[in-house]
Amino acid sequence: MTGNPTYRYAPDSVTRPGETLRDVLNSVGMTQRDLARRTGRPLKTINQIVMGKTAITSETALQFERVLGVSAAFWVSREAHYRTYLELDQESRRLEVSVDWARRFPIKEMTKHEWLPAANTAVQKLQGLLNFFGIASPQEFDRVCLPSASFRMPAKLAADKYSLSAWLRKGEIEAQAIECEPFDAERFRQALQEARALTVKPPQVFLIELRRLCSAAGVAVVLVRELPKMRASGATRWLSPQKSLIQLCLRGRYADIFWFSFFHEAAHILRHGKREAFLDDLCAGIVKDDGQKSQKEIEADEFASNHLIPRLQLQDFKQSQKRSANAVRAFAGDLRISPGIVVGRLQHEGYIPHSHLNNLRVRMTWTDPGCE
């Protein structure tokens, strides 16, 4: 199941196979009675087929082939198309009562990003959504597609559940297309060490390499466009016991935020088990209802922070009272990481203003190769 947009047989109208049968009979100069005698079928059955009241079975199709010289495959296909058309027409009528449900989703943005096929009617938009989520009707959405309680998503985030569910589903679809080796924790730890060195490279390079490193360790890394009001910066979950997913977006637009988000999500994979999923708003910080960060989020923050810039080394740099661009470049060079990561950390901890040294931070956009 991929959930990709489905392009199916859906003409505006389809004539009955019986009308085609009547045309063939006229062309060979045969009556319905003649056909009944030659096939051994009751005349009433032949008449009901012509009127569309009885379907052409595979057995009947084979008899028509022998008598009329028109292949059985043609008759079977003709009947299948007609019955599919009837069912689609009935489905459209059933779905008309659910079109308001589809309007809860950011369909305009999803279509723009080509997550959904272009649609002209409300029912077609609804059908596109059902195909995208891989569900038969809107009634299955709450059971199958809503973020489960295991996602760490406090009410304070006030995320739009429909935008969020669409974003998570797109990440799942993208991850399904990524071939991964079975998950190996030690190999993933090694991948994180190698990933740290990628921070000095431009996005079009590090994104490709990062995905390669992680997939070899059993982790699919996907970058999915943000949707309105979804609030999330990242998500982590297990697609199977042997395959994990790290899903990120470009909230904040800076590469240092991307890297912090990545290592934060990596901590969830290594430290917090395979049964729990995490949905993180790393810009605002995940908090519990009492306004405090959960212990697991604190652990993930510390993992990401220390993995990128060990705290003792950061303290030594701050004590040196150096704030110039050259000093930051030199410090980043010693750590073998991007200067932008140092700037982002210093800004976050209040050592320098958020307006200072932003020229050292790398901007990421969806037009960068590898982002789409």
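Four strands form an open sheet in the order β1-β3-β2-β4, with mixed pairing. Two strands pair if DSSP finds at least two bridges between them. Helices (H or I, at least four residues) and strands (E, at least two) are DSSP runs, numbered from the N terminus. This is a predicted model: local features need pLDDT of at least 70, side-chain atom pairs count only at pLDDT 80 or more, and totals for chains, interfaces and linings use all residues. Residues are numbered from 1 along each chain as its sequence is written, and side-chain values use heavy atoms, with hydrogens and water left out.

β1 (219-223) and β4 (278-280) are the edge strands; each has a single partner strand, so one side of each lacks a neighbour in the sheet. Neighbouring strands are turned by 20° against each other on average, direction ignored. Axes are lines fitted to C-alpha atoms, for helices over the stretch in contact, and angles run from 0 to 180 degrees between N-to-C directions. β1 and β3 (residues 243-248) pair in the parallel sense over 5 bridges. Val222 has Gln247 of β3 as its bridge partner.

Helix α10 lies across β1, β2 (234-240), β3 and β4, and runs at about 130° to β3. Lys170 is found in α10 (residues 161-176). Lys170 is buried, with a relative accessible area of 13%. Buried means under 20% relative accessible area, exposed over 50%, partly exposed in between (1.4 Å probe, protein chains only). Beyond four places in sequence, Lys170 touches Trp115, Phe132 and Val224. Contact means heavy atoms within 4.5 Å.

A nonpolar core is a set of buried Ala, Val, Leu, Ile, Met, Phe, Trp, Tyr and Cys residues joined through side-chain atoms within 4.5 Å. Two are listed here.

| Core | Size | Residues include |
|---|---|---|
| Largest | 52 residues | Phe188, Trp259, Phe262 |
| Another, apart from it | 35 residues | Phe105, Ile107, Val224, Ala232 |

Phe188, Trp259 and Phe262 have the most contacts inside the largest core. Helix α13 (residues 255-271) gives the most to this core, with 9 residues. Among the residues that Phe188 touches are Cys214, Val219, Ile246 and Leu270, not counting residues up to four places away in sequence.

Helix α16 (residues 325-335) has buried residues Ala325, Ala327, Val328, Phe331, Ala332 and Leu335. They cover an arc of only 160° around the axis, so they sit on the same side of α16. The arc is that of the directions from the helix axis to the C-beta atoms. On the other side of α16, Asn326 and Asp334 are exposed. The buried residues of α16 pack against α11 (185-197), α15 (311-319) and α17 (339-348). Arg336 follows α16, and its phi is positive, near 60°.
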